[in-house]
Amino acid sequence: MNIMNKIIVWHNPRCRKSREGLAATQKVAEEKDLELDIRKYLDNPPSEKELDTTLKMLKINAMDLVRTKEAIWKENFKGKDLSEKEIIQAMTKYPKLIERPVVIFGDKAVLARPAEKVYELF
């Protein structure tokens with residue numbers, strides 16, 4: 001299948017916001033007859049390169065994708081002057097730090113919080 005016919009969702013099934021974003025994405029996929037690739041990113045974390053590319057598609061910096069209320073962040077990174085690369089490395093090492101759900105379609109992406117933001121991709 002052509003990548004342009006596929007919607008990719010970085011999903012955490014234990015997160016209510018992620019489930020809401022996935023539900024909205026599934027609706028769009030059905031309406032537009034697109035394939036859906038659900039990536040449980042806690043089990044299959046993105047690489048540094050994938051994160052960097054996705055941040056460019058989201059048009060945000062790495063810090064904007066970090067869940068700063070997570071204990072991992074508070075205990076290991078809060079208050080430190082980190083570079084963009086170091087923040088990306090932290091998210092790769094600790095994928096729980098990545099805000100969710102991230103929805104990718106073609107060369108565009110959104111952080112689907114609220115879930116309706118997924119419609120901005122189409």
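This is a predicted model: local features need pLDDT of at least 70, side-chain atom pairs count only at pLDDT 80 or more; totals for chains, interfaces and linings use all residues.
Biologist: How many aromatic pairs does the structure hold, and which rings can pair?

Modeller: Rings of Phe, Tyr and Trp (for Trp, its six-membered ring) pair if their centres lie within 6.5 Å, and planes under 30 degrees apart count as stacked, over 60 as edge-to-face and the rest as tilted. The structure holds three aromatic pairs. In the pair of Phe105 and Phe122 the ring centres are 4.8 Å apart and the planes stand at 45°, so this pair is tilted. Ring pairs also link Trp73, Phe77 and Tyr94 into a cluster.

Biologist: Where do Phe105 and Phe122 lie, and is Phe105 buried or exposed?

Modeller: Helices (H or I, at least four residues) and strands (E, at least two) are DSSP runs, numbered from the N terminus. Phe105 lies in strand E3 (residues 102–105) and Phe122 in the segment after strand E4 (108–111), so the pair ties together parts that are 17 residues apart in sequence. Buried means under 20% relative accessible area, exposed over 50% and partly exposed in between, with a 1.4 Å probe and protein chains only. Phe105, at 13% relative accessibility, counts as buried, while Phe122, with a relative accessible area of 33%, is partly exposed.

Biologist: How many salt bridges does the structure hold?

Modeller: Side chains of opposite charge can pair when their charged atoms come close. A salt bridge is a side-chain nitrogen of Lys or Arg within 4 Å of a carboxyl oxygen of Asp or Glu, and the structure holds ten of them. One of these joins Glu48 and Lys85 at 3.6 Å, N to O, linking helix H2 (residues 48–58) to helix H4 (residues 84–93) across 37 residues. Glu48 is partly exposed at 31% relative accessibility, whereas Lys85 is exposed at 51%.

Biologist: Which residues are linked in a network of salt bridges?

Modeller: The network links Arg67, Glu70, Lys96, Glu99 and Arg113. Within it, the closest N and O atoms of Arg67 and Glu70 are 3.1 Å apart, and both residues are buried. Glu70 also forms a salt bridge with Lys96, at 3.9 Å between the closest N and O atoms, and Lys96 is partly exposed at 41% relative accessibility.

Note on methods
Residues are numbered from 1 along each chain as its sequence is written. Side-chain values use heavy atoms; hydrogens and water are left out.
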